[in-house]
Amino acid sequence: MTRYALRGLSLAVGLGLWQLLTSLNVDVWLRFSQFPTVTDVARAFADRLSGPDYWTDLTDSLTRILTGFLLATVLGVATGVLVARSRLAEDLLGPLLEVVRPIPAIALVPVAILLFPSNEQGIVFITFTAAYFPVLVSTRHAVRALTPVWEEAVRTIGGGRWRILGSVVLPGALPGIFGGLSVGIGVSWICVISAEMISGQYGVGYRTWQDYTVVDYPGVFVGMVTIGVLGWLTSTAVELLGRRLTHWLPRTSYVPGGRPSRQVRDATAFTPAGPGTKENVPHDQLV
């Protein structure tokens, strides 16, 4: 409860400082007199919530981001595993992927306009591209970092290629994969909002840009707050899903200068020792 109280306090302090600086028209290098106040943004937010356009924009943006992100998750994980475990796939796909990867996804907007028959498909393509490469790279590194002993153990008991993939490769790489997914969902939001501003017809990014063109600054901040909340919710959902799927990993809470949590200490204390270690030798045989 203390941690949640501190988080709420930090948010309240930020909003209070914003209201104070804008209401007093403070201009000290930064021109807060040009900013709308918190009450102005709250009033504009309430007006938007009562209209149908806000919910239409919200639905369109969420549909685009989820479609592109799910496609990037499936194809990014599949390509990452393939490139990490096959030299032929690495030789064929690696150079092409490494050439395309440094190109910002938002720079592909002209390509999407020329390639796809509708703006909707182009925006989904931009979102997909933004998330695809973080997922691909994190999966590739996670698979390559796996201990070979695990795969050899499965082969020893007669496991084949698919058994290794399902019981060793994917479970072992899950922490790294979800690290890439967390990065990918954030980059996807940046690119989908930018794409909506450039070529969209509906969506949070499109509406935010329209408010800017008509000098409706409270509406611009409504769009910014909406983007921030949506990004936080989707990132939190990815993190919670990752924690649930990797529940077998030891967890600890960060305490600066403190000791590890009891959960990690207990997991370390009761880790089975391997054959031939000191812990497995009877006490009377120790020298």
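How many aromatic pairs does a search of the whole structure find? The count comes to nine, with rings of Phe, Tyr and Trp (its six-membered ring) pairing if their centres lie within 6.5 Å. The structure is a predicted model, so local features need pLDDT of at least 70 and side-chain atom pairs count only at pLDDT 80 or more, while totals for chains, interfaces and linings use all residues. Residues are numbered from 1 along each chain as its sequence is written, and side-chain values use heavy atoms, with hydrogens and water left out.

Tyr-54 is buried at a relative accessible area of 12%, whereas Trp-55, at 44%, is partly exposed (buried is under 20%, exposed over 50%, partly exposed in between, with a 1.4 Å probe and protein chains only). Trp-209 and Tyr-212 make a tilted pair, 5.3 Å centre to centre with 35° between the planes. Both lie in helix 9 (residues 204-213), three residues apart, or about one turn; helices here are DSSP runs of H or I, at least four residues, numbered from the N terminus. Trp-209 is partly exposed at 39%, and Tyr-212 is partly exposed at 45%. Elsewhere, Trp-18, Phe-32, Phe-35 and Phe-221 form one aromatic cluster.

Now for the inside. Leaving aside residues up to four places away in sequence, Tyr-132 touches Ala-72, Leu-75, Gly-76, Thr-79 and Leu-97, contact being heavy atoms within 4.5 Å.

Helix 8 also packs on helix 10, at an angle of about 165° and with the axes 10 Å apart. Axes are lines fitted to C-alpha atoms over the stretch in contact, and angles run from 0 to 180 degrees between N-to-C directions. The two helices are therefore roughly antiparallel, a label for angles over 145 degrees. Among the residues making the contact are Leu-181 and Trp-189 of helix 8, along with Leu-230, Gly-231 and Val-238 of helix 10.

Note on methods:
Phe/Tyr/Trp six-rings, centres within 6.5 Å; stacked < 30°, edge-to-face > 60°. Parallel < 35°, antiparallel > 145°, perpendicular 65-115°, else oblique.
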